[in-house]
Amino acid sequence: MVSTASPIAVNRKNRFQKVNLATLNDAEKQSLLTLAFAVLQDLHQPGAEISSPLQTRNYLRLLLADRKTEVFGCLFLDNQHRVINTTEMFQGTVDSASVYPRVVVQQALSVNAAAVLFFHNHPSGVAEPSHADEAITRRLKEALALVDIRVLDHFIVAAGGSLSFAEQGLI
């Protein structure tokens, strides 16, 4: 019997399905992380459309995974929710980062963003929003609304997982 599988279907076979993490050495694990980050970075390069919150969450988890201090940043998007750029805007300490709405608005306007996704990490490992996280998100949303820039989400990334303000009804 002749196979009717197209070459495209064969190429879409998951070659990583049989990989067992327990059998990988440290160098192989690092290579796998590097490859995963490169794939997710490719999905979030300028011009790429944000099509999946899960892909964005995974990208941010890899981007911020090993940070020992808080980092706050923005994914600036155009009207079609395509990435303009990803910018780490503020560096902080182990438990906080000062975020200035004026600077965020200036940067959003300078890249002609129509929408923005905020992100920051919690080095503590707990992805729960603090009152300060909620307050700065409200202030940023209000400031950006004055110049017609939509805030789509705010992700908190921690070693133990991540949280989406939009999914939690906080935006």
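**View 1. Helices H4 and H5 cross in the right-handed sense.** A crossing is right-handed if the near helix is turned clockwise from the far one by less than a right angle, and left-handed if anticlockwise. The model is predicted: local features need pLDDT of at least 70, side-chain atom pairs count only at pLDDT 80 or more, and totals for chains, interfaces and linings use all residues. Residues are numbered from 1 along each chain as its sequence is written, and side-chain values use heavy atoms, without hydrogens or water. Helix H4 covers residues 101-110 and helix H5 residues 131-145; their axes are 10 Å apart, at an angle of about 45 degrees. That makes H4 oblique to H5 (under 35 degrees counts as roughly parallel, over 145 as roughly antiparallel, 65 to 115 as roughly perpendicular, the rest as oblique). Axes are lines fitted to C-alpha atoms, for helices over the stretch in contact, and angles run from 0 to 180 degrees between N-to-C directions. Helices (H or I, at least four residues) and strands (E, at least two) are DSSP runs, numbered from the N terminus.

**View 2. Side chains at the contact of H4 with H5.** H4 supplies Pro101, Val104, Val105 and Ala108. On H5, they meet Ile136, Arg139, Leu140, Ala143 and Leu144. Contact means heavy atoms within 4.5 Å. By class, eight of the residues in this contact are nonpolar, none polar and one charged. Ala, Val, Leu, Ile, Met, Phe, Trp, Tyr, Cys and Pro count as nonpolar; Asp, Glu, Lys and Arg as charged; the others, Gly among them, as polar.

**View 3. Strands S1 and S2 form a hairpin.** S1 spans residues 71-77 and S2 residues 83-91. The two pair in the antiparallel sense, over seven bridges. Pairing requires at least two DSSP bridges between two strands. Phe72 has Phe90 in S2 as its bridge partner. Gly73 stands opposite Glu88 in S2. Five residues lie between the strands, and His81 in the turn has a positive phi of about 60 degrees.

**View 4. Ile84 in strand S2.** Ile84 is partly exposed, with a relative accessible area of 23%. Buried means under 20% relative accessible area, exposed over 50%, and partly exposed in between (1.4 Å probe, protein chains only). Ile84 and Ala115 are 31 residues apart in sequence; C-alpha to C-alpha, they are 9.9 Å apart in space.

**View 5. Five strands make an open sheet.** The order is S2-S1-S3-S4-S5, with mixed pairing. S2 and S5 (161-164) stand at the edges with a single partner strand each, so one side of each is left without a neighbour in the sheet. From one strand to the next, the twist averages 20 degrees. Helix H3 (residues 53-64) packs on the sheet and touches S1, S2, S3 (115-121), S4 (150-158) and S5. The direction of H3 makes about 50 degrees with that of S4. H4 lies across S1, S2 and S3, and runs at about 160 degrees to S2.

**View 6. Strands S4 and S5 form a hairpin with two residues between them.** Their pairing is antiparallel, over four bridges. Ala158 stands opposite Gly161 in S5.

**View 7. The chain as a whole has five helices and five strands.** From the N terminus on, the elements run α-α-α-β-β-α-β-α-β-β. Of the 171 residues, 35% count as buried. Among contacts with a separation of 6 or more, 65% come from residues 24 or more positions apart.
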